[in-house]
Amino acid sequence: MRTRIIQFPGSNCDHDAYHAVKNVLAEPDTEFVWHKSETIGEDVDLVILPGGFSYGDYLRTGAIARFSPVMKDVIRFANEGGTVIGICNGFQVLCESGLLPGVLIRNESLKFICKEVHLRTETVATRFTSALTRGHVLKIPIAHGEGNFIATDEVLADIESSGQVIFRYASPDGDVVRSANPNGSLNNIAGIVNKDGNVFGMMPHPERACEIILGSSDGLPIFESLRESFNHVDEHRLAAQAA
Amino acid sequence: MSYYVYIAIERKEAILDPQGKAIEHALSSLGFTSISNTRIGKLVRLKVEAASPDAARHIGEEAARKLLANAIMEEFSVIEVTDQPHLSVGAHA
């Protein structure tokens with residue numbers, strides 16, 4: 001799985017993502033790409049936009065990173081069906097760049113919240129969640145001040161009816177209730193995918209929950225799902241070459 | 001010519017403004033009970049090289065559309081185009 005992790009000035013979860021993919025998942029072809037690069041490189045399977053505070057969150061979170069030189073190629077890659085996952089600030093960048101609908105605003109409480117939350121898996125028919133089961137509850141940390149997902153009524157209805165909500169904040173038992181919503185997100189939304197199913201953003205940090213020693217390995221199935229989907233692609237490639 | 005273009009950016013009315021709400025709480029505890037619907041926005045000043053105030057305004061609007069405001073949650077308006085680095089209304093009179 002050729003994975004490229006984009007580094008913006010102010011990214012601070014880039015090494016966490018790198019560790020999760022390179023060391024825990026043991027995928028050797030994992031590298032960083034500096035935001036000034038004009039290209040993400042050839043034959044990339046997965047692009048990760050990591051968490052952090054790109055450009056100090058100036059203007060709006062993700063708003064300036066979205067115009068970094070490398071983003072042109074990330075957007076091209078995504079529009080051609082390439083797999084992109086944005087975590088936390090990466091999710092904000094994806095919304096600002098228009099690759100995902102909606103936008104993330106200040107937490108309802110106005111507080112930066114750093115704690116473990118529970119997520120209910122809403123759909124497993126994606127390359128990001130195929131290793132999970134529907135309703136599966138994951139324990140994954142959040143660390144954000146602006147994770148409050150909003151969209152217009154029409155856009156929200158469209159996201160819901162198209163099955164684009166991947167994770168919702170829930171109780172440990174999987175009940176999607178107001179008290180389990182840390183930031184005020186509409187419909188307890190914690191992660192969404194685009195219509196084509198190749199661009200995914202989530203506020204919680206799966207890369208920080210890939211080893212028991214860190215308190216949870218519930219984030220690992222997301223990366224395992226991705227690897228599985230690329231192995232299938234590779235098998236197709238090999239079969240096509242053999243034919 | 002260079003002009004100063006002032007752009008106000010506000011959150012759409014339908015979108016919750018937790019900062020505005022917090023400030024309103026503080027104001028009300030100070031006794032400002034007649035104040036309501038407090039909202040926080042941004043004021044951006046750009047120095048623009050352009051042939052005319054209208055051309056400068058146009059460039060400011062383009063900048064706002066492309067970067068300064070997010071149309072999903074915000075609305076913007078150019079509130080003044082002037083050759084002075086301050087707003088004419090009330091300021092530095």
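Which helix of chain A is largely enclosed by the rest of the structure, and why? The helix is α3 (residues 89-96) of chain A; eight of its eight residues are buried, so the rest of the structure largely encloses it. A residue is termed buried if 20 or more other C-beta atoms lie within 10 Å of its own, exposed if 12 or fewer, and partly exposed in between, with C-beta atoms placed from the backbone. Helices (H or I, at least four residues) and strands (E, at least two) are DSSP runs, numbered from the N terminus.

This is a predicted model, in which local features need pLDDT of at least 70 and side-chain atom pairs count only at pLDDT 80 or more, while totals for chains, interfaces and linings use all residues. Residues are numbered from 1 along each chain as its sequence is written, and chains are lettered from A and ligands numbered from 1 in the order in which they are written.

**Chain A: the enclosed helix and the sheet**

The buried residues of α3(A) include Phe91(A), Val93(A), Leu94(A) and Cys95(A), and also Asn89(A) and Glu96(A). Among the elements that cover them are β3 (46-49), β4 (83-87), β5 (103-105) and β11 (199-202) of chain A. After α3(A) comes Gly98(A), which has a positive phi near 80 degrees.

Chain A contains an open sheet of nine strands with mixed pairing, in the order β2-β1-β3-β4-β11-β10-β9-β6-β7. Its edges are β2 (30-34) and β7 of chain A; each has a single partner strand, so one side of each lacks a neighbour in the sheet. From one strand to the next, the twist averages 25 degrees. Strands of a sheet pair through backbone hydrogen bonds, either parallel or antiparallel. Here, two strands are said to pair if DSSP finds at least two bridges between them.

| Strands | Sense | Bridges | Partner residues |
|---|---|---|---|
| β3(A) and β4(A) | parallel | four bridges | Leu46(A) with Thr83(A) |
| β4(A) and β11(A) | parallel | four bridges | Val84(A) with Val199(A) |

Strand β3(A) is covered on both faces: Leu46(A) and Ile48(A) are buried on one side, and Val47(A) and Leu49(A) are buried on the other. Together with α2(A) and β4(A), β3(A) makes a right-handed β-α-β unit. Right-handed means that, with the strands pointing away from the viewer, the path from the first strand over the helix to the second runs clockwise. Helix α2 (residues 69-79) of chain A lies across β1 (3-7), β2, β3, β4 and β11 of chain A and runs at about 125 degrees to β4(A). Such angles run from 0 to 180 degrees between N-to-C directions, and the axes are lines fitted to C-alpha atoms, for helices over the stretch in contact.

Lys139(A) counts as partly exposed because it has 16 C-beta neighbours inside 10 Å. Beyond its neighbours within four places in sequence, Lys139(A) is in contact with Glu116(A), His118(A), Ser216(A) and Asp218(A); contact means that the C-beta atoms, placed from the backbone, lie within 7 Å. Ser216(A) is 77 residues from Lys139(A) along the chain, yet their C-alpha atoms are separated by 6.6 Å.

Chain B has two helices and three strands, arranged along the sequence as β-α-β-α-β. The strands form an open sheet in the order β2-β1-β3 with antiparallel pairing. In this sheet β2 (42-49) and β3 (74-82) of chain B stand at the edges, each with a single partner strand, so one side of each is left without a neighbour. Strand β1 (residues 2-11) of chain B pairs with β3(B) over eight bridges in the antiparallel sense. Within β3(B), Glu80(B) stands opposite Tyr6(B). Helix α2 (residues 53-68) of chain B packs on the sheet, touching β1, β2 and β3 of chain B, and its direction makes about 40 degrees with that of β1(B).

Of the 93 residues in chain B, 14% are buried. Its C-alpha trace spans about 50 × 35 × 15 Å along its principal axes.

The contact between the chains takes 11 residues from chain A and eight residues from chain B. On the side of chain B that touches chain A, helix α1 (residues 18-29) of chain B gives the most, with three residues. The residues of that side divide into six nonpolar, two polar and no charged. In this grouping Ala, Val, Leu, Ile, Met, Phe, Trp, Tyr, Cys and Pro count as nonpolar, Asp, Glu, Lys and Arg as charged, and the others, Gly among them, as polar.

Terms used: Contact = placed C-beta atoms within 7 Å.
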